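Work through the exercises below with the sequence and the 3D view open. Try each task before you read its solution.

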2 protein chains.
Amino acid sequence: MSNIILGIDPGSIATGYGIIGQKGNSLVYVKCGVIRNKSEDAIEKRLFNIYNKLFEIIREFSPVYCAIEDVFHSKNPRSALLLGQVRGVCIVCAVNSGIKVFEYAPTKVKQAVTGYGRAEKEQVQLMVQRLLCLDKKHPKDASDALSIAICHALNSSFLDRIKMENIK
Amino acid sequence: MSNIILGIDPGSIATGYGIIGQKGNSLVYVKCGVIRNKSEDAIEKRLFNIYNKLFEIIREFSPVYCAIEDVFHSKNPRSALLLGQVRGVCIVCAVNSGIKVFEYAPTKVKQAVTGYGRAEKEQVQLMVQRLLCLDKKHPKDASDALSIAICHALNSSFLDRIKMENIK
């Protein structure tokens, strides 16, 4: 297994993570999950929890790349500020661990996984399952994190793109 | 010197920090400054720089409290997201160092330092200089960080409030 990628879907209540790797010319699923926080916890406690859980995950799987969604739009400045805090913590956790971080717009992620930049969430989830040969559905946040990791794999030069396109 | 407080005014280009302590019933100025970043640098690089500089500052001055402005409003979601990232990094850096973090609304900070929640920036800067007996003006971001630290001192029970009010 090489070129291990950590995809992150940040959120203050649920931060999804997805890890994939490369075996020959194929993408291989490694692990995914959700770092959960209680909504009644102070933001400091939530950020601390996210940083530490993510730090453990990075230590266990030693990814070489980290991919995270680049969000341009948000419902309102307050939720953007909250999301920004979580994003900042995820990014600095990866950079502190010596991992290079890449950001992808949501449309780019959807385009990479489904071939269509405005695909529905269910379609993205289905394609993640198909591309990584998963035998079960994973939680939405974990699946979204996997889609971001796949996006990075396809945007990097180390994968046989034609083979991936055939699967689609 | 006891009850050392680190005030932080986060920003992706300039993050101000201000350190004050308590000596008897008085506030004492310790240090202030600005962590600067180049606007052309990627956000990952900026966040990494802020985390590491702040980490060094915390190690050098061993604050027991960290105070940071709680921003509710922002010009737009994009700038809120950017500011949020920096806030998240500052908060997690403090929490990772075992420091308790307190958040104060801008109006509360102005109220604490000038007695008026909608005071002008210049008035805040002047009062910071006066309250801490500073013989020169410091950069705006550093001075703002000091005002946040002062706000925490006045909102905690360890200071003689009346004495502070007499100075004003």
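Predicted model: local features only at pLDDT ≥ 70, side-chain atom pairs only at ≥ 80, totals over all residues.

**Exercise 1. The interface**

Task: Describe the contact between chain A and chain B by residues in contact and by buried area.

Solution: 
- Step 1. Start with the residues. On chain A, 27 residues are in contact with 27 residues of chain B.
- Step 2. Turn to area. The size of an interface is often given as the accessible area lost when the parts come together. Here the two chains bury about 2,300 Å² between them. Carbon and sulfur atoms account for 65% of that area.
- Step 3. Glu44(A), Arg78(A) and Leu81(A) supply 24% of the area that chain A buries against chain B.

**Exercise 2. Who touches whom**

Task: Which elements of chain A supply at least two residues each of the side that touches chain B?

Solution: 
- Step 1. Count the polar links. There are four residue pairs in polar contact between chain A and chain B.
- Step 2. Name the elements. Helix 1 (43–61), helix 2 (77–96) and strand 5 (100–104) of chain A each supply at least two residues.
- Step 3. Helix 2 of chain A gives the largest share, 14 residues.
- Step 4. Check one residue on the partner chain. Gln85(B) is found in helix 2 of chain B. Its relative accessible area is 3%, so Gln85(B) is buried. Leaving out residues up to four places away in sequence, Gln85(B) touches residues of both chains, among them Gln85(A), Ile91(A) and Leu47(B).

**Exercise 3. Salt bridges**

Task: Find salt bridges between the chains and within a chain, and state how accessible some of the partners are.

Solution: 
- Step 1. Recall the idea. Side chains of opposite charge can pair when their charged atoms come close.
- Step 2. Take the totals. The structure holds eight salt bridges over all chains. Between chain A and chain B the count is two.
- Step 3. Find the pairs that cross. Asp70(A) bridges to Arg78(B), with the closest N and O atoms 3.7 Å apart. Asp70(B) forms a salt bridge with Arg78(A), the closest N and O atoms again being 3.7 Å apart. This second pair runs from the loop between strand 4 and helix 2 of chain B to helix 2 of chain A.
- Step 4. Compare its partners. Asp70(B) is buried at 14% relative accessible area, whereas Arg78(A) is partly exposed at 35%.
- Step 5. Asp144(A) and Lys140(A) meet in a salt bridge at 2.8 Å, N to O. They are separated by about one helical turn because they are four residues apart in helix 5 of chain A. Asp144(A) is buried at 14%, and Lys140(A) is partly exposed at 34%.
- Step 6. Glu103(B) pairs with Arg87(B), with the closest N and O atoms 2.7 Å apart. Glu103(B) lies in strand 5 and Arg87(B) in helix 2 of chain B, so the bridge ties together parts that are 16 residues apart in sequence. Glu103(B) is partly exposed at 26%, but Arg87(B) is buried at 1%.

**Exercise 4. Aromatic pairs**

Task: How are the rings of Tyr65(A) and Phe102(A) arranged?

Solution: 
- Step 1. A pair of aromatic rings is described by the distance of the centres and the angle of the planes.
- Step 2. Take the total. There are five aromatic pairs over all chains.
- Step 3. Read the geometry. Tyr65(A) and Phe102(A) lie 5.9 Å apart, centre to centre, with 65 degrees between the planes. Planes over 60 degrees apart count as edge-to-face, so this pair is edge-to-face.
- Step 4. Tyr65(A) lies in strand 4 and Phe102(A) in strand 5 of chain A, so the pair ties together parts 37 residues apart in sequence.
- Step 5. Tyr65(A) is partly exposed at 23%. Phe102(A) is also partly exposed, at 24%.
- Step 6. Look for a cluster. Tyr51(A), Phe55(A), Tyr51(B) and Phe55(B) form one aromatic cluster.

How values were computed
Residues numbered from 1 in each chain as written. Chains lettered and ligands numbered in written order. Heavy atoms only, no water. Contact = heavy atoms within 4.5 Å. Buried area = accessible area lost by both parts, 1.4 Å probe. Salt bridge = Lys/Arg side-chain N within 4 Å of Asp/Glu carboxyl O. Polar contact = N/O pair within 3.5 Å; in protein donor to acceptor, adjacent residues only side chain to side chain. Phe/Tyr/Trp six-rings, centres within 6.5 Å; stacked < 30°, edge-to-face > 60°. Buried < 20%, exposed > 50% of the residue type's maximum accessible area, 1.4 Å probe, protein only.
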